[in-house]
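Colleague: I'd like to learn how to read salt bridges in a model like this one. Could you walk me through a few?

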Amino acid sequence: MAGAYGGIRLLVWLLTRAALLLCVLKAVPFPGPDVTTDVSVIYQGWYEVLRTGVFPSDDVAWQYPPGAALAVLSPGLLPFLGYAGAFFLLVLLCDALVYGLLEYAAGRAGGSARGVWAWIAGVPLLGPTGYARYDLMVTAVAVAALLAGACRPRVLGALAGFGALLKVWPVLLLVGLARGRTARRAWGAAVLTAGGLTLAAAAAMPGALDFASSQRDRGTEVESLGALVFHLARHAGWAGEVRLNYGSMEFLGPYVPLVSALALVLAAAAAGWLGVWRLRARVRGPGVPADAAFTAVLLFTVTSRVISPQYLLWLVGLAAVCLVSRGGRMGLPAALVLAATGVTVLEFPVWFAHVVASDPLGVGLIAVRNGLLVAAAGVACRRLWRGTVPGRAGAAVAAGASARSVPGHVPHQGPEDRARARGAR
């Protein structure tokens, strides 16, 4: 029976991915603006610059750490397909890698197919945007890191460090590691990987670190949580405007710097909460790193000045890792993220013109999508805290369930445990 269900999952994955490919290859039209221009125009333009041995520092839309150059240059491995065609094929291969890793984890002792289904459904819920950005490649690195991390902390650290050079956020994969030798190994591998590759990139190509200034100067993007203030303010006579700025549609005008600064304050508060949690957490089941990573990325997504549609891919991937363990505690937050992903495709690209115009439909979509993400973050924080911090009823029980639910995990038995087992026999 398990094999039959696995065949059904594979069939659904194949059908949904074929549909995505038809959309990005423009064989089947998708409503809204063409999302593939990021690949055929922006990425390909960066590719031409990177081929000359320098980073595109003069382009303010280049806001990515130096490892992103690998993703942008990778279609050059398949020149016979053309840049866009090669890019879409490579994204498909990364998608297949995530699917395969999740299927493998689900098939081990304590595994669950819920995580596989979350990935199968979550990527097409975002529409063609999922295949028209390099974020799925980064998510594949993060999923591989978390699934390997339970047994191989150095592998987790190295992949997290490499992922951070692609798009920064994978460094949050290390947040949930218990203090001690395991964490030191993982952090050490992450620092060595990220530091070594950064030095190599800086030595080989000028402008490797120039991305930081463009990222620093970004404002409040129209899809962010803070943007709701200005969407509503436009109906009350606010004097600002929406304009393409730093590669995305942003609000410009009075009070925008203040709201952007408040977003940074909220991000700092989220970091503070994570720091307090790390200090107080005592229950450390093998499922905790994935739960903590999912919670951390949720927090920094909702507090960001920018919530681009492709950010949902990060959350879907991390949610899938949490759900692939039977009895995991992140079921409700994962469901809220999947619902938010379904709303996201409506606000971009389907009705993005309404979002830019701040009309009732656009504002409603942004409010619902961001409300779902805020709710997911709140529930995830609560469940992570209750399951790991002493003094909460059921923390030890939750930890035991987490330990039993991790695929392939065998709980450690100390001398007292073995003595009790002998006595029971």
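Modeller: A salt bridge here is a side-chain nitrogen of Lys or Arg within 4 Å of a carboxyl oxygen of Asp or Glu. The idea behind it is that side chains of opposite charge can pair when their charged atoms come close. Keep in mind that this is a predicted model. Take Arg-243 and Glu-241: their closest N and O atoms are 2.1 Å apart, and the two form a salt bridge.

Colleague: How many salt bridges does the rule give?

Modeller: The count comes to 9. One of them joins Arg-17 to Asp-95, with 2.6 Å between the closest N and O atoms. That pair links distant parts of the chain, 78 residues apart: Arg-17 belongs to helix H1 (residues 2–24) and Asp-95 to helix H4 (residues 83–106).

Colleague: Are Arg-17 and Asp-95 buried or exposed?

Modeller: Both Arg-17 and Asp-95 are buried.

Colleague: Which residue does Glu-347 form a salt bridge with?

Modeller: Arg-369, and there the closest N and O atoms are 3.3 Å apart. Glu-347 sits in helix H14 (residues 331–350) and Arg-369 in helix H16 (residues 360–388), so this pair ties together parts that are 22 residues apart in sequence. Glu-347 and Arg-369 are both buried as well.

Technical notes:
Residues are numbered from 1 along each chain as its sequence is written. This is a predicted model: local features need pLDDT of at least 70, side-chain atom pairs count only at pLDDT 80 or more; totals for chains, interfaces and linings use all residues. Side-chain values use heavy atoms; hydrogens and water are left out. Helices (H or I, at least four residues) and strands (E, at least two) are DSSP runs, numbered from the N terminus. Buried means under 20% relative accessible area, exposed over 50%, partly exposed in between (1.4 Å probe, protein chains only).
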